[in-house]
Amino acid sequence: MESLLSGESCQTPHCLSLAGKLFIFDSKRASVTHDSQRSELVFCRLSFDREANAFVKAAAAADGAAVISGRRSSHVDILKCKCALNVQQRVTTPCVLVTKKSETGESFQFSLLTLSSSNRLQPCFEFKLNYQIKEDVYILKGPTVLWSHAGDVFYTSLQAGEVRQIPIQLSHSCLDIKPPIQTLGYFVESGQVFDGAMILPHPYICLTRCMLVLSAEKVDGDGVLKSTLVAATSHQQLVYFENGTVKDICQLPFKQPEDIQVVNTGRNGCLFAVSFHQGHLCAIWKETFQVSAQWSDVSLVQVDDFLECGSDQMLLVFKDQGETGQPLERFLLTDLCGISYAVRHNFHSHMLCYLHSGLSVLQELEREVRVKERVLQQSVQALTDVVSEKESTLKQPEQVLFTKEDIQQPVTVLRRFFFLDGLVSVSLSILTETGRSSAPAVIQTQSQVLWLPAPCSSSSSSSLSSSSSASTFQEPAAKRSKQHNAGSPGDPNTCRLAVTAVTRLTPLLNSGCVKCYVMLHYVQRQDAFGLVSNPTPAVLHCGQVALDIHSNFQTRLLKNPELKTDEVKEDLLSLMVVLDRWVFHIDCPDHSLGDIDGWIQKRVGCKRIEVSPQYLLLDSSGPSALMLLRWHQITPFQGELSVHSSQLQMLQFLDSLLAYLPVSCSIQPVKASRGQGADQILSLALEKEVVSIRECTSLLLCDKEEDEDRKSLGHEETPEPATVKGLQRCREVWQRDVERSRKRLSPLVDVGRYRRLTQSMSQVLLDGDLAALLDTQTTLPS
Amino acid sequence: MCQYWWSFTLCTVVTFQFAFTFLFQQQERGAEAVSHNQNQTHQRWCLSEFHKLSRKIQGGIPPLVDHAQSELTVVYNTCLCSAALSQLSEAELLLSQATERVIQMTGDDPISSDPPAFWRTLLKSVGNTTFNSSVQHLLCLQWALWLAKCQLKTIQEFQDELFSLSETLSTELGDDKRSSERGKSSDIPLLVMDPRRLIELLQTCTFIAQGAERLSEGQSSEALSGLQKASSLPAPRMLLAYTHHLSGCCLASMSCPQMALQCYRKAVETDSRCVCALYQSLLIYRELGNTQAEIQALRLLHSSLLLPSATEPPLAGAALLSPSVLLCSQSLNRLLSVPSALSVLHSLAQKCVLYGRVSEGVEYYLDLLAALHSDDQHGVHEDPPLPRLPELYLEAGAALLTARRPADCMALCDEVVGTTLELLPEKLVLEEPEETSEIETGAVGAEGEDRMRMLLWTGAAYLLQGHCHTHLRDWKQAVTHYTRCINLLVKVHFKKKGDADMVGKQGTNLCILQRLKGLSLAGRGISFSQTDQLREALRDLHLSLQAAPDCVGAGLWCGEVLWRLGRRQEAAACWEKTWSFTAQSSVEGLRLYLQEPQTGPLLDSTELQHRIQELGPTLSA
């Protein structure tokens, strides 16, 4: 074991780099006299000579040696060498940890040597253990030596003066991931313990083979640790973590990662150099997080500013030693962005790295373009949202309408509230909408006036309705309602007046629609003091009222749709009259519609009406949830759907139907049964607005893109990067791509075309505004 | 830790929606006639993005239940994209990796390798988990892959579960839930294709593939019932047309030709691109002997094959997953195959000329020749193969002659003679190959065959030219050309190997040779009879009847010459014999130029009968 170790150490000398110099340490047995051997630690310092394109020994005092042990039997091994900050001297010095076994073999002596500026190896501190450090050992700032042994972690430093144990037990039982294990972090300096998940998420702990903490900062107060780190996992991935969350993942080309180093290439950003088992190495740009280069047969990787140019380079020393056995026979010194010195190395792969990095920049730009497009789309979405909200705010129902249900005599009660002074007699009349006949017909009503005491500015309609619901109705007597003189219980000036009108349902049904005009008739007193001598009757138009007749509609039909009596038929007819009716033409040119009738029947509460089987009754429990549906399949691709229901219900039904229907399906209302209302005009105008915004913009950008594509199409072939010319071409193509991507981000458009766009857009906007105005006027009658 | 997963999932979902949006946009644009190629490029790009995303979301770590749904959704999307690009093995690999991870999540023991049993256990073990529906979506994909790989047996075993999948999914993704989700930006990852749509497509395609398979196995009625079910499912136009078409094929094999025709009509009405239905209906008309309808169908088929949409792959670019990926079984392809436009045109021309629409047929022949000249790949990809070019020339020539355009016919024949004359052999031995020796003759036989054909074409060309001159009543020229033909034909030495039956076999070289001999001798004999060289005429006509006993013209004219020579009884016997032949002579199988000419000097049968009747008493006396 011992000899094996020594043998190894002789073959692969320990290296470290500091301030552009490469230090090589080696332990040696030198025989002084014939019976005594002593162990020596020799080192040499190399620096890169650009002229010679090789590492040469620094001019003065490049070599050195230190005697570690004079005793014959003791044997010295280098455990670790690393640069570390010497806290006392505030300089970074190369540190070498060496070990020697005592003669008895029971204890081991360790000593940390530092290389002073005067090029001498000086012992920093020593410590003794009764075991050999076999597992991981680290030299940290301080210098501090940290190692683990049998599940415990120990450290020592000049400040500590002794070997201390960190109060954390290492566990290796993280194979089973289900029970969450606490992972802990530990600040060596302060001795504080923190939650390890703050830097590395739990699932990665078992996978991580090596990691590199780029930054870690404790935010005072809340104990949060801000950290960034990269970790190479056993799944051949390099994962970038920020504050304990995954930010990016890169697939690695090799297995068994061993070490990660960071290379700061200056303005080109940072590289991660990940070295793997058996001398594989790959470099990953931090920005793009993509592999840009990879090498094999690398025996040593050092990162430093060997060229003394202000940024780091990687020094790769390749295994395959020449006959001379010189340690730096074959190497590559590069930062992948222009600097490259190589001995016996193929230039070709280097150029490839170059192209790789260019490609990743390009991909980045493309990603930005995509983001931009998405933003555009979201804006359109937002616009549509605004439009739909606008629509809903416009609907402010003014009339309050109640329906009283009575199977034998359906009666509708209409109440309106007025604030009128000095009224003598008041009555309401309901007129049918001007339909087929030019003059609207008056519907038989009976009015009743109620004086409401205690005027209050904001009276809630619900309370009023409940107070007046006890009022009695009289049978209708005349075509025109009689005028009732309501007794004035108080001062009419301070009272409010409620006028109700009662009518039978039938005349409303006969009129073919349930939207009526309401007229108020009243006689006003001439003056407050005079006699009731010459009263002048007045008529006030109170606007339109939509009668909501079908709430709580109870018939034999609804109770039992299987009945086949004449009454049920009558019920069906009156139901069809009462409910609003929409007819839709459903057309799907490239996809058959399937069994829509079956789909409707599968819905909750759907029953077929036996009297007229083409109709389906949808009576899901709930207020005003009554629907009559009729599906008529014309071809497998076309059909006609008749919906008898309230508007909201119809929309809800269509929405769920749309989810069932193929995507390419179109639903068109078949000649709106109520004519093209103002709201329909408005919705069409808004739709047109949205569509034309989208079309104009895309047209403006599309044409341009096509132009450019056409221009660049001629140079589509990918040149061979092998030749100088080809390389130049590669570069040009890349440059052009970058340029094009940049242009796409902020495209230039033709002025004339843009002007035309704004003109047409303003016309469309104008139409939309007009439609909105019309709609407001009709829905909010003054 | 929880927070970590949250943010992680959120981030990937956003990225995902991003990729999705693009794919979706592309689909929408697809309607705007974006070419198939571009679409494919885009799909490829999406696929690579999904691959990256799935790598990211799996993160190289063991699967966790917390974000199983997102992960499986990404797998679904990736898999679907690669299946849409026909990268089936890749999709299969992805799917098996995903199921592997699901098993890790549920912590079950490795389950059986038999696919249906595997999925049954898997579905059972994820029954109550949050990602139950995601696993069901994966099963849909598995279904699609089985279908694409024609593993119909596996599907059959698992059919009940697969078909009930749509029920479970539609209840889960109930309308209410869906409509409430839609519009809001929810954290539920989006799918590139609604699983219900996928299931609809898979159901229809499964029915179609199974129908075709059963039909090829002879289980027509079983196939028919499946196809009837499929026709009521919502499906793309093309697939609906296929179900009608295949129903027609079933009915045709159940010998219900009229019902089959109804189905084919429905198929064409549903989708005009379904030309295979037209082709099948034309086969039925042919079988029924309804020539006029057959010609009509041929004409329709030809014009629809010329439409650009017919040759395009169906539904390219319209949907993400094209049904053509799912329908690739051989038995189905056989039922959907259609001959090329040129060979349809050829049969159309031939049928027209044979069944009295001569001028129409001539036009079709000329169209065919023009098309062949503009498209020099003639004969390379034809299935069934078109006749060789000289034969087409000769057929066209015969058609032209029938249409009384002898000059055009002669020009075409000159063309044939010009190209083949140089290559004619001095002497040729015709060995009718026996069934067994056919393989042995090999290359030498093929070469000899070629030379034989060449000789027959030239002979036929001379024959047609002779007919032309006969039509023009230029008897001398006619005799010259007939003689040329005869001289050519006697170069062939027939080596008898098998039975004498060989002559009767239509289409064989020997049959053609004998037919040519018979016709040319008959033609020369008739020409001689017109110039009153009755002895020569009689000799030729006798020889003609020896070569081709079913030659009506030769028989009648032989009688006529005998009559003129005063050998009336013989003449009458000859006529009677000829008439008895005409009843059974078949025209269909012969090439057009081997038919007897309709244009030469004619003998009126009734007049001949009359003569026999006049002769009658003498005969009986």
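B:Ser86 sits in the loop that links helix H3 (68–84) to helix H4 (88–106) of chain B; helices here are DSSP runs of H or I with at least four residues, strands are runs of E with at least two, and both are numbered from the N terminus. The model is predicted, so local features need pLDDT of at least 70 and side-chain atom pairs count only at pLDDT 80 or more, while totals for chains, interfaces and linings use all residues. Residues are numbered from 1 along each chain as its sequence is written, chains are lettered from A and ligands numbered from 1 in the order in which they are written, and side-chain values use heavy atoms, with hydrogens and water left out.

Most residues other than glycine have a negative phi. B:Ser86 is not a glycine, yet its phi is positive, about 65 degrees. B:Ser86 is partly exposed, with a relative accessible area of 48% (buried means under 20%, exposed over 50%, partly exposed in between, with a 1.4 Å probe and protein chains only).

B:Arg404 also belongs to a loop, between helix H20 (389–402) and helix H21 (406–420) of chain B. Phi of B:Arg404 is positive, near 60 degrees, and the residue is other than glycine. B:Arg404 is exposed, at a relative accessible area of 52%.

Of the 621 residues in chain B, 52% are buried. Where contacts (heavy atoms within 4.5 Å) in chain B join residues at least 6 apart in sequence, 71% of them are between residues at least 24 apart. The accessible surface of chain B is about 28,300 Å², by the Shrake-Rupley method with a 1.4 Å probe, where for residues only the protein chains shown count as cover. Carbon and sulfur atoms account for 53% of that surface.
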